[in-house]
Structures are given as C-alpha cells and as structure tokens.
Amino acid sequence: QAADVNGKTFAIATDTTFAPFEFRDGSGELVGIDMDLIRAIAKDQGFEVDIKSLGFDAALQALQSNQVAGVIAGMSITDERKKIFDFSAPYFDSGVQMAVAKNDQDIKSYEGLTGKTVTAKRGSEGETFANSIKDQYGFKVKALADSATMYDDVKAGNSVAVFDDYPVLAYGVSQNNGLKIVTEKEQGSSYGFAVNKGANADLLTAFDAGLANLKANGEYDKILDKYLAKAE
Ligand code: GLN
C-alpha cells in the first residue's frame with residue numbers, strides 16, 4: 001500500500017449512464033466495470049473514494065477546475081487530453097461505432113447519413129469522430145450530455161444515428177435497447193484514469209499500482225467477466 005494515499009478520501013467523478021462501465025443497478029446503486037475497478041483499487045491501496053456521478057463532460061470540467069481529484073468514466077487517453085490531464089496505464093481498449101434504430105432499414109453506412117442529423121456525447125471521442133467525417137458525408141452532429149438521452153433521441157427519430165463507444169453500444173444492444181449496430185468499429189483509444197495535469201500524482205501512482213495488483217491476482221479479469229460476459 002502507498003503511504004501517501006493511505007486513509008485519504010478522494011472525490012472521483014464519472015459519467016451518469018455508460019453501461020457496462022458505470023450505471024445504476026435495479027436498487028439505484030452505481031455499479032459497472034469502472035466502479036468495481038476504482039473501488040477495488042482503493043481497497044488494495046488503502047484509500048477511500050467518494051464517487052460523483054456528474055456526466056462525462058461535467059466530470060472533465062470538474063477535474064480541470066480541481067473540484068474532484070480524478071475521473072474514471074470510460075475516458076479515452078487521447079493526445080489532446082494529455083495536454084491537460086495525466087493518465088494512468090490503459091485499462092481497456094475501445095473505439096467508436098455507429099448505431100441506428102432497430103427498425104431502420106435505410107442506413108447501413110456513413111453514406112446513408114447525407115442530409116440527416118446524428119447524435120454523440122458532448123466532449124467525447126464519438127463526437128470528435130462524427131465531426132471529423134460530417135462534411136465528407138454531409139450530415140449534422142447534435143451533441144447531447146449522456147448516452148441514454150442519445151439513444152432516446154435516435155429511437156424518437158430526432159437523430160438517425162448515434163456515435164458511441166462500441167462496448168457500450170454492444171452492451172445496450174444485448175439488453176434490447178432498441179438500437180442496432182451497422183458499421184465496423186473505428187480505431188479508438190484505450191481508457192485511462194485521469195487526474196489534473198501535475199496534480200494528485202500520488203493518487204495516479206496508487207491507481208497504477210492497484211491496477212497492476214488486480215491484474216496479477218485475477219480480480220481485474222473477474223470484474224470484466226462479470227459485466228462483459230452478457231454482451232459477447
Ligand atoms: N471514451 C469516450 C471518450 O473518452 C466516451 C466516454 C464516455 O462517454 N463516458 O471520449
């Protein structure tokens with residue numbers, strides 16, 4: 001255990017609905033891969049966490065303004081973000097993918113998006129990706145705050161497609177969320193735990209040490225299996 005974090009409590013921000021990484025179970029408790037990981041790492045390293053379910057963009061802003069010590073939110077390690085945040089070792093490989101309403105017979109590729117509106121999460125890699133191809137395919141991007149609202153927007157027909165991380169889309173589809181995946185996944189970044197640049201170095205070190213311990217003792221695999229077995 002790391003002496004510098006021992007007994008301390010850290011405020012950690014996360015997304016609201018990003019199953020299977022963070023979501024509320026039937027009894028309203030915040031669960032998921034990120035939640036189990038950060039709690040197990042805290043236990044392993046002897047610190048406490050105070051989880052704040054803020055939403056993705058809000059979590060990043062809270063971290064930037066030092067209102068929280070860290071973010072775990074299926075947050076991709078990108079070069080842009082590395083300018084303002086410090087990241088842990090990667091703990092999950094991800095990438096962006098596109099989904100449409102289950103009963104949509106028209107849109108099978110990006111070509112089908114011409115003249116239409118798609119949705120993606122404000123501040124996410126999915127939004128960055130959608131914006132990077134919108135001129136080429138001639139569509140508009142509507143930014144929304146959370147995945148549940150994005151999926152509802154597609155089901156209501158206000159957006160024809162959603163760009164989100166593939167493990168999250170796959171999990172939702174496996175739970176019959178009314179969507180279907182129609183494209184191959186794009187090359188994406190890995191998820192990391194983030195602290196503000198130059199801040200909370202002890203916490204970051206403890207996260208990496210705890211993650212390595214969880215990988216070595218099989219706990220990491222157990223957590224992933226618990227939430228991903230269903231989706232694959
Ligand atoms: N992995 C994506 C990103 O970091 C989305 C994260 C999320 O929506 N919680 O931008």
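Predicted model: local features only at pLDDT ≥ 70, side-chain atom pairs only at ≥ 80, totals over all residues.
The domain assignment divides the protein into domain 1, made of residues 9-93 together with 189-228, and domain 2, made of residues 96-181. Taken over C-alpha atoms, the centres of domain 1 and domain 2 are separated by 25 Å, and the contact involves 19 residues from domain 1 and 14 residues from domain 2. The size of an interface is often given as the accessible area lost when the parts come together. Here the area buried between domain 1 and domain 2 is about 1,200 Å², and carbon and sulfur atoms give 53% of it. On the side of domain 1, Thr17, Phe18 and Asp57 supply 30% of the area that this domain buries against domain 2, which is more than any other three residues supply.

The interface of domain 1 and domain 2 also holds a charged pair, for the rule finds 1 salt bridge across it. In the structure as a whole a search finds 8 salt bridges. Asp15 lies in the loop between S1 and strand S2 (23-24), while Lys121 lies in strand S9, so this pair ties together parts that are 106 residues apart in sequence. The side chains of Asp15 and Lys121 meet in a salt bridge, at 2.7 Å from N to O, and Asp15 and Lys121 are both buried.

Glu111 sits in the loop between strand S8 (96-101) and strand S9 (117-121), and with a relative accessibility of 53% Glu111 counts as exposed. Between the C-alpha atoms of Glu111 and Ser159, which are 48 residues apart along the chain, the separation is 15 Å.

Helix H7 runs over residues 201-217, has 17 residues, and reaches 24 Å from its first C-alpha to its last, close to the 24 Å expected at 1.5 Å a residue. Which residues of H7 are buried? They are Leu203, Leu204, Ala206, Phe207, Gly210, Leu211 and Leu214. An α-helix has 3.6 residues a turn, so residues three or four places apart point the same way. On the other side of H7, Thr205 and Ala216 are exposed. The cover over the buried residues of H7 includes strand S1 (9-14), helix H1 (33-45), strand S6 (85-87), strand S14 (194-196) and helix H8 (219-228). After H7 comes Gly218, whose phi is positive, near 90°.

Ser88 is found in the loop between S6 and strand S7 (92-93), and Ser88 is buried, with a relative accessible area of 6%. Not counting residues up to four places away in sequence, Ser88 touches Ile77, Gly192, Phe193, Leu204, Phe207 and Asp208; of these, Leu204 and Phe207 are among the buried residues of H7.

Asn200, by comparison, lies in the loop between S14 and H7 and is partly exposed, with a relative accessible area of 29%. Leaving aside neighbours within four places in sequence, Asn200 is in contact with Phe10, Ala69 and Val195. The C-alpha atoms of Asn200 and Gly123, which are 77 residues apart along the chain, are separated by 23 Å.

Two further salt bridges complete the tour. Asp79 forms a salt bridge with Lys82, with the closest N and O atoms 3.8 Å apart. Asp79 and Lys82 are 3 residues apart in helix H3 (residues 79-82), and are therefore separated by about one helical turn. Asp79 counts as exposed at 60% relative accessibility, whereas Lys82 counts as partly exposed at 41%. The other pair is formed by Asp86 and Lys197, whose closest N and O atoms are 3.1 Å apart. Asp86 lies in strand S6 and Lys197 in the loop between S14 and H7, so the pair ties together parts that are 111 residues apart in sequence. At 45% relative accessibility, Lys197 counts as partly exposed.

Note on methods:
Residues numbered from 1 in each chain as written. Heavy atoms only, no water. Helix = DSSP H or I, 4+ residues; strand = E, 2+ residues; numbered from the N terminus. Expected span 1.5 Å × (residues − 1). Buried < 20%, exposed > 50% of the residue type's maximum accessible area, 1.4 Å probe, protein only. Contact = heavy atoms within 4.5 Å. Domains from an automatic or database assignment. Buried area = accessible area lost by both parts, 1.4 Å probe. Salt bridge = Lys/Arg side-chain N within 4 Å of Asp/Glu carboxyl O.
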